[in-house]
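User: Hi! I'm new to reading protein structures, could you walk me through this one?
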Amino acid sequence: AADIKLIWDLNRWTQLVRMAQAAWLDGDREAAGTVASWLEDWHEHNPPYRGWNWTSALETGIRLIQFCWLDALLVGLIDACRWQALRDNLVPAHASYTWRHRSFGSSANNHWLGELTALIVTSARWPDAVRHLPPLARLHEMLDVEVERQFHPDGGNREHAFHYHLFSFEFLMHAVSALACAGESVSASTREQIKRAASFLAIMQSPDGRWDYGDSDDAVLVPFGLSIPVSTHGWAEWVRTGKDAAGYGAWLGASPYQVPTGNLQIFSDSGYAVMEDKGVRVRFDASPLGFLSIAAHGHVDALHASFWFHGQPLIIDPGTGAYYGDPGLRSDLASAARHNGPVCADRERASRAGPFLWKTHHPVPRLRSLGDRAVEAELREDERTFIRSISMADDRMWIVVDRIHVSGEVPVSVCWTAAPGVQVEKVDGRSVMLTTEQGRCRMSFGGGWGEVNLEPDLRVSPSFRVVSAATGVRLSALVRGSANLETRLEFDV
């Protein structure tokens, strides 16, 4: 039940960069000296290539990026000879390990992107210290390949885990900045892809910064925001508003990105849609399981829909929990049964074989617009077809229709999970009332649904390593051949 990430996260030097930022802003030599003392202590207790902090090239790469910022922030505040000794002790060993043990094959997801960014940053800042690395121009070529490989054309990251979209976007920003400082012009295609990734980040972020989809941990690269470790919401606000949101503008300047607006935004390559009107926001998932064969950070969330009401979560994605410690909870939260897309009780949509390994994938759904007020997604599994449409019927009413076609007779279920704090009460046998501080929503279920039952003790995870209790509404039906199963959400607007 050990969790190596607890050790790794503490050794990413995030807090040291935060202290160095304060030292730079205030000209505080004492704070700068404290950073140097801690780094010297770290080096003494973590000699190169020994111990838990030398078992992941991504971790050594992240420390390289952090040390680049430390180097820039503390110049002139620390004795030059002392700081040069730290550079000599830390940079070559970290760079060598990151390149030698770089990710490859099915593990080359955000890990390789982060490692590559670290090598680019290091080569750009200390070219004489890392002569054993490939030339910067070659690293630049590798970056262009990975950007195209790891992002869909519409800007969404192929891991289909929202925090890892941000993580990868952060890496790209550091890599592009380092290349520019070294006189390397970034290709037009890479620059445009980063712009699309920025728009995706801003549009897909939930209003309250929680309840992401897929694996979403709380990893932070360089701490630009006011809050550590929660950063996703601040990044999205900075991208969207172009202003100094949550502290980001102080370090990054004004956002150069322009985010499309409108009631309906569709990312057809990635498989997501966002709909918003009269205080109701819906995020609809019609995505693949994840990136490459292991889909390390994906969840079985195809056809899932999350709802927010006046910025507060109402119907939520169950979340991640944590990667280690409780394998049962991790598998449960990632499963199809815990998301509210329709599932058949007699068959798994995808099966997990470890904390970061899926041995089977579900087919890729197809997402399409049905005008400016409705979307539809279709998932075909052998002889079974699931088609879910979500439409804005009027200012108050949203309609979800699940059209299901099967061979023979198949039990089908859906679990709508309310956010913690939402009061869920049965109104009658065909409807429930969801009550929040922002208002109420009545969910009514068509006659095709056989049973409507409350599940009051579900575990959900609003953010990484946080587990809360919530209430679910479990619907079940016995489908023979075909069925149209309708759910209506009527909001008190």
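Analyst: Happy to! One term before we start: a residue counts as buried when its relative accessible area is under 20%, and as exposed when that is over 50%. Also keep in mind that this is a predicted model.

User: Okay, so is Ser270 buried or exposed?
Analyst: Ser270 has a relative accessible area of 0%, so Ser270 is buried. You'll find Ser270 in the loop between β1 (264-267) and β2 (272-277).

User: Which side chain does Ser270 make a polar contact with?
Analyst: The side chain of Asp154, in a polar contact of 2.5 Å. The side chain of Ser270 also reaches the backbone nitrogen of Gly156, at 3.4 Å.

User: And what else does Ser270 touch?
Analyst: Leaving out residues up to four places away in sequence, Ser270 touches His152, Asp154, Gly156, His160, Phe200, Ser287 and Pro288.

User: Switching topic: where is Gln205?
Analyst: Gln205 sits in the loop between α9 (188-204) and α10 (232-241).

User: Why does Gln205 count as buried?
Analyst: Because its relative accessibility is 2%, and the cut-off for buried is under 20%.

User: What are the neighbours that Gln205 touches?
Analyst: Gln205 touches Phe162, Arg210, Asp212, Thr232, His233, Ala236 and Arg281, if we skip residues up to four places away in sequence. There is also a polar contact of 3.1 Å between the side chains of Gln205 and Ser206.

User: You mentioned α9 and α10. At roughly what angle do they cross?
Analyst: The axes of α9 and α10 cross at roughly 115° and come within 8 Å. Their crossing is left-handed.

User: Which residues meet there?
Analyst: From α9 there are Ala198, Leu201, Ala202 and Ile203, and they meet Thr232, Trp235, Ala236, Val239 and Arg240 in α10. Sorted by class, this contact has 7 nonpolar, 1 polar and 1 charged residues.

User: Which residues in α10 are buried?
Analyst: In α10, the buried ones are Thr232, Gly234, Trp235, Ala236, Trp238 and Val239. The elements covering them include α8, α9 and α11 (248-252).

User: What follows α10?
Analyst: Gly242 follows α10, and the phi of Gly242 is positive, near 70°.

User: Now another helix pair. How do α4 and α8 cross?
Analyst: The axes of α4 (residues 57-74) and α8 (residues 162-181) come within 12 Å and cross at roughly 50°. The two helices are therefore oblique to each other. As with the other pair, here is the handedness: α4 passes α8 in a left-handed crossing.

User: Which residues make the contact?
Analyst: On the α4 side, Leu58, Ile62, Ile65 and Trp69. On the α8 side, Phe167, Phe171 and His174. By class, that is 6 nonpolar, 1 polar and no charged residues.

User: Nice. Last one: is Asp26 buried or exposed?
Analyst: Asp26 is exposed, with a relative accessible area of 61%. Asp26 lies in helix α2 (residues 14-26).

User: And how many residues apart in sequence are Asp26 and Asp326?
Analyst: They are 300 residues apart in sequence, and 44 Å apart in space, going from C-alpha to C-alpha.

Conventions
Residues are numbered from 1 along each chain as its sequence is written. This is a predicted model: local features need pLDDT of at least 70, side-chain atom pairs count only at pLDDT 80 or more; totals for chains, interfaces and linings use all residues. Side-chain values use heavy atoms; hydrogens and water are left out. Axes are lines fitted to C-alpha atoms, for helices over the stretch in contact, and angles run from 0 to 180 degrees between N-to-C directions. Helices (H or I, at least four residues) and strands (E, at least two) are DSSP runs, numbered from the N terminus. Angles under 35 degrees count as roughly parallel, over 145 as roughly antiparallel, 65 to 115 as roughly perpendicular and the rest as oblique. A crossing is left-handed if the near helix is turned anticlockwise from the far one by less than a right angle, and right-handed if clockwise. Contact means heavy atoms within 4.5 Å. Ala, Val, Leu, Ile, Met, Phe, Trp, Tyr, Cys and Pro count as nonpolar, Asp, Glu, Lys and Arg as charged, and the others, Gly among them, as polar. Buried means under 20% relative accessible area, exposed over 50%, partly exposed in between (1.4 Å probe, protein chains only). A polar contact is a pair of N or O atoms within 3.5 Å; within protein, one must be able to donate a hydrogen and the other to accept it, and residues adjacent in sequence count only if both atoms are side-chain atoms.
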